[in-house]
Amino acid sequence: MVSLAAEDLVEMYRRMVRIRRFEEQTSALYRDTEVPGFVHLSIGQEASAVGACWPLRRTDGITSTHRGHGHCIAKGLDVQGMFAELMGKSTGTCGGRGGSMHIADPGLGIYGANGIVGAGLPIATGAAQAARLDGDGVVVAFFGDGAVAQGMFHEALNLAGVWNLPVLFLCENNHYSEFSPEASQHRAPLAARAAGYGMEHHLVDGNDVVAVAEATSRLIEAMRAGSGPCILEADTYRWHGHYEGDPQRYRTPEELTTWQGRDPLVVARRRLAEAGVEEATVRGVEDEVETEIEAAVAQARLDPEPEPLSLTDFVYAERAAVAEPAEVSADAPVFKTMAAVRQAIEHEMLADPSVYVAGVDVAAGGNVFGLFRGLAEAFPGRVLDTPISESAVLGSAVGAAMAGKKPVVELMYMDFIGVCFDALLNQAAKLRFMTGGRAPMSLVVRTQFGAGRSSGSQHSQSLEALLAHVPGLTVVMPSNPTEAYGLLRSAIQDPNPVVFVENRLQYGMKGPQPPEDYRVPLGKARVRRPGTDVTVVSYSRLAVEAEAAADELAAEGISAEVIDLRTVMPLDRETILESVRHTHRLVIVHEGVMDFGVGAEIAAMAANEGFWYLDAPVVRVAPPAMPAPYAPALEKLWLPDRAVIADAIRRAVQV
């Protein structure tokens, strides 16, 4: 049991009072419209936050919830910066980019409050994996009883159990999921669920800071020694509504009064009295905190708002310049795309111990295509099999990246992005921006796609347009093994989240093997074949088909310039427009369905920025907007080939 001296109890009380006064002041500021947006307060839950963070080191991590002010303060975050953040000031913790629900400081091990219920749990697993790679660190993942209904809850706990991660899943059970009482949301108690994941479950009085600190200290000490994850359920209550302004028709005044009788601060004062702490000392703590809060608010009011020129700051991290590599010698050894992918990852893992690989069957099975056979043996503990839990796998990558690692996680099929889109859309793509650049986010999601093998509608989709529409993501789609190697190495070294998409029909494709240090710049297209009559823009496998079509058309006197985008997002607009400037015609080819696809964006760019260059309408070549057929005869009709591309080029030059 943790030994707590009187001065420890005083410090615990100080932290709880700081949270209480911060939240009360925030409520008043919100009422007076000095704080915009949404506000969710943790008044009544101070003891669980302070008690859980009490045994943590600075380097240990926490993940939080939309009701996260108390957790951040308990972990040591400066309240003046927090007030400035809530007011949208440039001096805020996150530069005014996150606001109430999204405060984070990875430097303090605070991996973010989160506006998505349950989303912090997968992130906690990645932060815990990073902590394990670095030593004996631990992570406390705060969540509410409402998050138990989320799939991310189940996936994260299962992954943590399978990997035996040092995560304390701390449920602040305040008995309400938004407006719904706990009893109406769950058929099984949390203790029963814990057994299903092979974890211990412990229940503690969440309004007694000493009880929480003692329980947390004991469990975290065991985790540092390798005991694995467990669940601690803190029985507590939120005094305010789900959000500020909530009319609270779902509970009675009598219920609230009963719980206020168990005020965590009153319980803590009783502990102080029992320890012989004088009332004057207690009042002195309260006065000190009051002065601190008043000064923080006053300063935040004076602080400046973000400069207009800073609007787009932190969407992307600045990437290091990479020169376009020289053409690989024709005398170079030949290798396949599958070897290129493996060699690129192997090179980066040898060069950088922060790189690791995770995904379904990537270790024992070497991945579904056998790309990584033997890699787990070569890098013990850095090639990790996961359950079939896409949300947990990608969420863990986000947490590991925030903790300074460079995870390379595999999504078996591109179609499965829909299963875990939150981890990309709301976490990986946005957290750097929402933390004002504080959150590192160097991660790679490797996946593959490719119609043409009767894989059906759920295993044949080309979804790059969906991903390219998410600011913050980089989307890479190589067309040959040589550049797959160079692009993947650049992606792993890049400070931004990258979705790296391989075409499975090209895994056996052969090409010249580049030198080991070969890298290809991200965001830069390449002119594959010079021409004068028409520009053809494509990427991935259809760039190869477009080049083949252009070669055939040369015999007809048509000179087609073929551009391989290589990176779909960010789009290399300059290379495309420069080509159209001298060819005056544009054909766009891609495997994603035509409507609202990448071709539509390029066509709009050509019409807007290159209108005076064009001598003919833009032509798009893509499958019709329908699911991929299964029957080979129908799939062949649906999917463009080089003959369809050649016909489109002919139409473009004949206008």
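Glu547 is partly exposed, with a relative accessible area of 26%; buried means under 20%, exposed over 50%, and partly exposed in between, using a 1.4 Å probe and protein chains only. This is a predicted model, in which local features need pLDDT of at least 70 and side-chain atom pairs count only at pLDDT 80 or more, while totals for chains, interfaces and linings use all residues. Residues are numbered from 1 along each chain as its sequence is written, and side-chain values use heavy atoms, with hydrogens and water left out.

**Glu547**

- You will find Glu547 in helix α19, which covers residues 541-554; helices (H or I, at least four residues) and strands (E, at least two) are DSSP runs, numbered from the N terminus.
- Leaving aside residues up to four places away in sequence, Glu547 touches Arg528, Arg529 and Val562, where contact means heavy atoms within 4.5 Å.
- Glu547 and Ile645 are 98 residues apart in sequence, and their C-alpha atoms are 9.6 Å apart in space.

**Arg526**

- Arg526 sits in strand β16 (residues 526-529) and counts as buried because its relative accessibility is 14%.
- The Arg526 side chain makes a polar contact of 2.5 Å with the side chain of Glu327 and one of 3.0 Å with that of Glu483.
- A polar contact is a pair of N or O atoms within 3.5 Å; within protein, one must be able to donate a hydrogen and the other to accept it, and residues adjacent in sequence count only if both atoms are side-chain atoms.
- Residues touched by Arg526, not counting those up to four places away in sequence, include Glu324, Tyr518, Val562, Ile563, Asp564 and Arg566.

**Helix α15**

- Helix α15 (residues 421-428) is largely enclosed by the rest of the structure, because 6 of its 8 residues are buried.
- The buried residues in α15 are Phe421, Asp422, Ala423, Leu424, Gln427 and Ala428.

**Helices α20 and α21**

- The axes of α20 (residues 573-583) and α21 (residues 598-609) come within 11 Å and cross at roughly 60 degrees.
- Axes are lines fitted to C-alpha atoms, for helices over the stretch in contact, and angles run from 0 to 180 degrees between N-to-C directions.
- The two helices, α20 and α21, are therefore oblique to each other; angles under 35 degrees count as roughly parallel, over 145 as roughly antiparallel, 65 to 115 as roughly perpendicular and the rest as oblique.
- Arg573, Ile576 and Leu577 of α20 make the contact with Glu601, Ile602, Met605 and Glu609 of α21.
- The residues of this α20 and α21 contact comprise 4 nonpolar, no polar and 3 charged; Ala, Val, Leu, Ile, Met, Phe, Trp, Tyr, Cys and Pro count as nonpolar, Asp, Glu, Lys and Arg as charged, and the others, Gly among them, as polar.

**Backbone points to check**

- Most residues other than glycine have a negative phi, and most peptide bonds are trans.
- Phe314, although not a glycine, has a positive phi of about 75 degrees; Phe314 lies in the loop between α11 (279-302) and β8 (334-336) and is partly exposed at 27% relative accessibility.
- Ser540 is not a glycine either, yet has a positive phi of about 55 degrees; Ser540 belongs to the loop between β17 (534-538) and α19 and is buried, at 2% relative accessibility.
- The peptide bond from Met569 to Pro570 is cis, with omega near 5 degrees, and Pro570 is in the loop between β19 (567-569) and α20.
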